[in-house]
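I opened my notebook to look up which side chains pair up here. Come and read along with me.

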Amino acid sequence: MSAKTTTEYFCDVCSQSIGEEKPKEDLRVSAGMNGEWAMEFQYDLKHFCAGCRHKMVEFFRGLR
């Protein structure tokens, strides 16, 4: 008897399945905020579906 395992990738923002193949683009968004008066949070996002990728690109283009 043999066992077969697979890896499935999911969007780090909305949890939608991206598929079993590793995404071709190596996208990464890291953000954090901490300090005496700031709410402490950390985000490390690596995989995005097409819709969330578009939203991230539009958001960061607007920061210029």
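I began with salt bridges, meaning a side-chain nitrogen of Lys or Arg within 4 Å of a carboxyl oxygen of Asp or Glu. By this rule I found two salt bridges. This is a predicted model, where local features need pLDDT of at least 70, side-chain atom pairs count only at pLDDT 80 or more, and totals for chains, interfaces and linings use all residues. Residues are numbered from 1 along each chain as its sequence is written, and side-chain values use heavy atoms, with hydrogens and water left out.

Entry on R28 and D44. I saw that their side chains form a salt bridge at 2.7 Å, N to O. R28 sits in the loop between β2 (17–19) and β3 (29–33) and D44 in strand β4 (residues 41–45), so the pair ties together parts that are 16 residues apart in sequence. Strands are DSSP runs of E with at least two residues, helices are runs of H or I with at least four, and both are numbered from the N terminus.

I then checked exposure (buried is under 20% relative accessible area, exposed over 50%, partly exposed in between; 1.4 Å probe, protein chains only). R28 is exposed at 53%, and D44 is partly exposed at 41%.

Entry on R61 and E58. Their salt bridge spans 3.8 Å, N to O. Both belong to helix α1 (residues 50–61), three residues apart, which is about one helical turn. E58 is partly exposed, at 41%.

Entry on rings. How many aromatic pairs are there? I counted one aromatic pair. Rings of Phe, Tyr and Trp (its six-membered ring) pair if their centres lie within 6.5 Å; planes under 30 degrees apart are stacked, over 60 edge-to-face, the rest tilted. F59 and F60 have ring centres 5.0 Å apart and planes at 85 degrees, so I noted the pair as edge-to-face. F60 is partly exposed, at 40%.
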